[in-house]
Amino acid sequence: MTMQTDSFLFFISIAAAVLASIGIYFFIITRISIIVQSRSVKSDPDTAHIYWIYKSPFFISLMDRMFVVSSILLLQYNKLVSCVVKRLNPSLKGKRILQISCAFGNISEKIAERCAEQGAAEFVLTDIMQSEVDNAQKKLKKFGKLCTFLKQDATKLEFEDQSFDYVVVFFLPHELPFAKKGMLIEEANRVLKPGGKIVFGEFHKPRLKVLEILGRIYFYVFEPYATEMWDEFDIVKALEEKTGNHYIIEKNTFLFDNFQVVAAERPQFQNQA
Ligand SMILES: C[S@@+](CC[C@H](N)C(=O)[O-])C[C@H]1O[C@@H](n2cnc3c(N)ncnc32)[C@H](O)[C@@H]1O
């Protein structure tokens, strides 16, 4: 065997070992979380759909790592985050921005950076889990008073009607049971000002059959409400049906349509749902 063949095989083995380790790491963590959750005697209907990995500070510290979020999103995480941040346009100067649910990765930091650069009035981050709110607060300490952190349920937000210029919903709908998906859309619309924008990042039905098959297996094991995003729940249609507003839509898809970023601008003059 030549030196080149040896080096090639070595590289392939290392790549396979790294991918397998990430897969096993994620599999073990989520399996443990499911077992712990299924044995829990405290059952709150508002949070029963949430994995333990989002509830416990210990699991959050294990999971909130860029290589984990990047692997789960098939190395598309950075592209999706940049697209979401780019869609927060035109300017954030003097604006109020809301992120509904804040968990892993650096999306909140990227939004906060953009808010700071452009002189936004306030960046409000919410999550139903206090542990996630605390984790976000730790990560965004350097932004000081720009950011506000609140524990709130996305399906019954405590904000006034029309109180935000931008609302970001990043990989939340696929975590929610079907009825809650619709309630989330209604709430995002309710708190958004006319002329404001809701920016979603989410899974999308891939056009490659092999990705669809692998995705269905992955969802079956890890994300029981996610295939609804492919089969029954379309973000754009739900926005129209649930709110009666004809949102102006800009949509980007990534990796053979496996992921989507939808920026939905609420017209200035239309029905209040
Ligand atoms: C996959 S993550 C969503 C990604 C998140 N937007 C981010 O920035 O990384 C799931 C998060 O959604 C939160 N969550 C689930 N159901 C919720 C609800 N009804 N209201 C608010 N947050 C919720 C969980 O606590 C968890 O932190």
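The crossing of α4 and α5 is right-handed. In this predicted model, the axes of α4 (residues 77–86) and α5 (residues 107–118) come within 10 Å and cross at roughly 30°. That angle falls under the 35 degrees cut-off, so α4 counts as roughly parallel to α5. On the α4 side, the meeting residues are Val81, Val84 and Val85, and from α5 come Ile107, Lys110, Ile111 and Arg114. By class, the α4–α5 contact has 5 nonpolar residues, 2 charged ones and no polar ones.

Now for the other helix pair. Helices α7 (residues 178–191) and α10 (residues 235–243) pack at about 70°, and their axes are 9 Å apart. An angle in the range 65 to 115 degrees counts as roughly perpendicular, and α7 and α10 are therefore described that way. The crossing of α7 and α10 is right-handed. Gly182, Ile185, Glu186 and Asn189 are the α7 residues in the contact, while α10 brings Ala238, Leu239, Lys242 and Thr243. These contact residues of α7 and α10 split into 3 nonpolar, 3 polar and 2 charged.

Here are the two pairs side by side:

| Helix pair | Crossing angle | Axis distance | Source |
|---|---|---|---|
| α4 and α5 | roughly 30° | within 10 Å | computed |
| α7 and α10 | about 70° | 9 Å | computed |

On to the sheet. It is open, has 7 strands in the order β3-β2-β1-β4-β5-β7-β6, and its pairing is mixed. β3 (147–151) and β6 (248–254) sit at the edges with a single partner strand each, so one side of each has no neighbour in the sheet. Ignoring direction, neighbouring strands here are turned by 15° against each other on average.

Both senses of pairing can be picked out. β1 (residues 96–100) and β2 (residues 122–127) pair in the parallel sense, over 5 bridges, and Arg96 has Glu122 in β2 as its bridge partner. β6 and β7, on the other hand, run antiparallel and are joined by 7 bridges. In that pairing, Ile249 stands opposite Ala264 in β7. The hairpin of β6 and β7 has 4 residues between the strands, and Leu255 in this hairpin takes a positive phi near 50°.

α6 (residues 130–139) lies across β2 and β3, running at about 165° to β3.

A couple of backbone details are worth a look if you plan to build on these coordinates. Most residues other than glycine have a negative phi, and most peptide bonds are trans. Against that background, Asn89 and Pro90 are joined by a cis peptide bond with omega about 5°. Pro90 lies in the loop between α4 and β1. Gln162 is not a glycine, yet its phi is positive, at about 50°. You'll find Gln162 in the loop between β3 and β4.

Last, the ligand. What surrounds it? There are 20 residues around the ligand, and the closest are Tyr54, Ser101, Ala103, Ile128 and Ala154.

Conventions. Residues are numbered from 1 along each chain as its sequence is written. This is a predicted model: local features need pLDDT of at least 70, side-chain atom pairs count only at pLDDT 80 or more; totals for chains, interfaces and linings use all residues. A residue is near a molecule or strand if its C-beta atom, placed from the backbone, lies within 6 Å of it. Axes are lines fitted to C-alpha atoms, for helices over the stretch in contact, and angles run from 0 to 180 degrees between N-to-C directions. Helices (H or I, at least four residues) and strands (E, at least two) are DSSP runs, numbered from the N terminus. Angles under 35 degrees count as roughly parallel, over 145 as roughly antiparallel, 65 to 115 as roughly perpendicular and the rest as oblique. A crossing is left-handed if the near helix is turned anticlockwise from the far one by less than a right angle, and right-handed if clockwise. Two residues are in contact if their C-beta atoms, placed from the backbone, lie within 7 Å. Ala, Val, Leu, Ile, Met, Phe, Trp, Tyr, Cys and Pro count as nonpolar, Asp, Glu, Lys and Arg as charged, and the others, Gly among them, as polar. Two strands pair if DSSP finds at least two bridges between them.
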